[in-house]
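Got the model loaded and your selection tool ready? Let's walk through it one stop at a time.

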Amino acid sequence: MSVKYIAEPFRIKMVEPLRILTREEREAKLAEARYNMFNLKGEDCYIDLLTDSGTNAMSQNQWSAMMRGDEAYAGASSYFRLQASAKEIFGFEYIQPTHQGRAAEKVLMPLFMGEGKYAISNLFFDTTRAHIILSGGRPLDCVDPRAKDPALRAKFKGNMDLEAMERCILEHGADKIGVVVLTVTNNGAGGQPVSMENIRQVSQMCKKYSIPLNIDAARYAENAFFIKRDEEGYAHKSIREIVKEMFSYADTFTMSSKKDAIVNMGGLIGVKDGSSPLIPAIKSNCINFEGFVTYGGLNGRDLDALAVGLQEGVEDDYLKYRIGQMEYMAARLDDAGIAYQSPVGGHGVFVDGQAMFPHIPYTEFPAHVLAVELYKEAGIRSCEIGSFMLGNDPDTNEQLKATAEFTRLAIPRRVYTQAHLDVICDALINIKARAHEIKHGYRITWEPPIMRHFQAFLEPIK
Ligand SMILES: *Cc1c(COP(=O)(O)O)cnc(C)c1O
């Protein structure tokens, strides 16, 4: 194997015991959970890769910052520390905390959208897609076609397809496009990064047609790391400089701080122009949905943890170790001939469930099959990112076909060791050896109308 594990730039001060169930116990838990990974209890998962969202381990500096939390209803000093930290990182004039990323979307998206409007993205994350639809609009995905080929090793596969974007604008009319959302890194495409050149070009096109550009910024730091590593002209820039430049092209951002800002709960909205008419409307929505503007649904102590986490997220040694974990797993899977969205992205390994089970059609959710098998095999909880998550067409109610059927092994930040990663890779290798014996997938027995993957019930097809 050619990739060496990059040792942790921290040591462990507090431990959280894990429990390992037997295979029989795990099979019973799955049936009880109606084969939905979100219905499993956390304590029944040996290695929990359901998401990298809010599952981060905080640092001693974050924990000590929490002790300074100011719980004043209005104007808490925690809010001003968060504002100073976020303004320094992003260079935006207005910063609005919210309780998490989807709350930021709920506050901001209705201000851009409405009946008959469209929003364009390099691939909407599921909650962002939902908030576009809930505010009367329709989402249009224009991801770089290279993202649809998991075996194709190319840089910046998370990019916006600029030609497709312009076609959408011309087809529907620029006045019907409420907002362009650039997701960095591109979660739906496997944590693939977006290049600075692409961000610049998307921004230019938005300006040409007078459409606001919003960055969906959950993984701003991981994206900056890829730009530094892989894009010409950025090797000698600092991560901080790169982040600043990325955001300089956007008008607003929405952020789930539960990812790269290394906290357990929180979100942000940013507006570049402090005199934007959006700001009073953001404040009104925030007060109605989230709470007063200086706490936005969070505790004062959460604001302080976030203020520190935003800074830790852009540290060089941390990001090298972080992306190094993905590269270590990817190299082991390469050795075993297991396909994944390659090159590996920033926050997890997106295993190609369709390649693992070529005989199972998308209507039976092959990547969900792999998620179930991983839990049976080693108590590993993962998540399907494919047709099951995508859901049905909101107009025709027909099952949509995802561009790829991924089983996402999302890696929580600063949580698992090299030995844990080996358990995961060994489990995948064992499943691959018996994949042909698994003949059928799953059918949905109940589903809610939107974001069904969190709640739906499934059963194995016999
Ligand atoms: C997680 C995420 C969101 C939603 O954020 P929550 O904090 O989970 O509500 C939005 N966009 C992207 C790209 C995400 O990864």
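Which residues form one aromatic cluster? Select F90, F92, Y220, F247 and F253, and you have it on screen. Before moving on, the ground rules: this is a predicted model, where local features need pLDDT of at least 70, side-chain atom pairs count only at pLDDT 80 or more, and totals for chains, interfaces and linings use all residues. Residues are numbered from 1 along each chain as its sequence is written, and side-chain values use heavy atoms, with hydrogens and water left out.

**Stop 1: aromatic pairs**

Searching the whole structure turns up 17 aromatic pairs. Rings of Phe, Tyr and Trp (for Trp, its six-membered ring) pair if their centres lie within 6.5 Å; planes under 30 degrees apart are stacked, over 60 edge-to-face, and the rest tilted.

Select F10 and Y321. Their ring centres are 5.3 Å apart and their planes sit at 85°, so this pair is edge-to-face. F10 belongs to the segment before α1 (23–32) and Y321 to helix α12, so the pair ties together parts that are 311 residues apart in sequence. Helices (H or I, at least four residues) and strands (E, at least two) are DSSP runs, numbered from the N terminus.

Now colour by accessibility. F10 is partly exposed at 29% relative accessibility, while Y321 is buried, with a relative accessible area of 1%. Buried means under 20% relative accessible area, exposed over 50%, and partly exposed in between (1.4 Å probe, protein chains only).

Next, pick F350 and F406. Here the ring centres are 5.7 Å apart with planes at 90°, so this is an edge-to-face pair as well. F350 lies in strand β9 (residues 348–352) and F406 in strand β12 (residues 406–410), so the pair links parts that are 56 residues apart in sequence. F350 is buried at 1% relative accessible area, and F406 counts as buried at 2%.

**Stop 2: along α12**

Go back to helix α12 (residues 316–336) and click on Q325. Is Q325 buried or exposed? Buried, with a relative accessible area of 1%. Leaving out residues up to four places away in sequence, Q325 touches Y5, E8, I411, Y416 and L421; contact means heavy atoms within 4.5 Å.

**Stop 3: the ligand**

- G101: a polar backbone atom is 2.8 Å from an oxygen atom of the ligand.
- R102: a polar side-chain atom lies 2.7 Å from a ligand oxygen atom.
- S256: an N or O atom in the side chain is 2.7 Å from an oxygen atom of the ligand.

How much of the ligand does the protein bury? Taken alone, the ligand exposes 380 Å², and the protein buries 98% of that. Those areas come from the Shrake-Rupley method with a 1.4 Å probe; for residues, only the protein chains shown count as cover.

**Stop 4: L108 in α4**

While you are on helix α4, select L108. L108 is buried, with a relative accessible area of 0%. Apart from neighbours within four places in sequence, L108 is in contact with N214, T252, T254, I269 and I282.

Check omega first. The peptide bond from V184 to T185 is cis, with omega near -20°, and T185 lies in the loop between β5 (177–183) and α7 (196–208). The bond from S342 to P343 is also cis, with omega near -5°; P343 is in the loop between α12 and β9.

Finish with phi. F156 has a phi near 55°, a positive value in a residue other than glycine. F156 is found in the loop between β4 (138–141) and α6 (162–172), and is buried at 7% relative accessible area. I262 has a positive phi near 55° too, in the loop between β7 (252–256) and β8 (267–271). At 0% relative accessibility, I262 counts as buried.

Key
A polar contact is a pair of N or O atoms within 3.5 Å; within protein, one must be able to donate a hydrogen and the other to accept it, and residues adjacent in sequence count only if both atoms are side-chain atoms.
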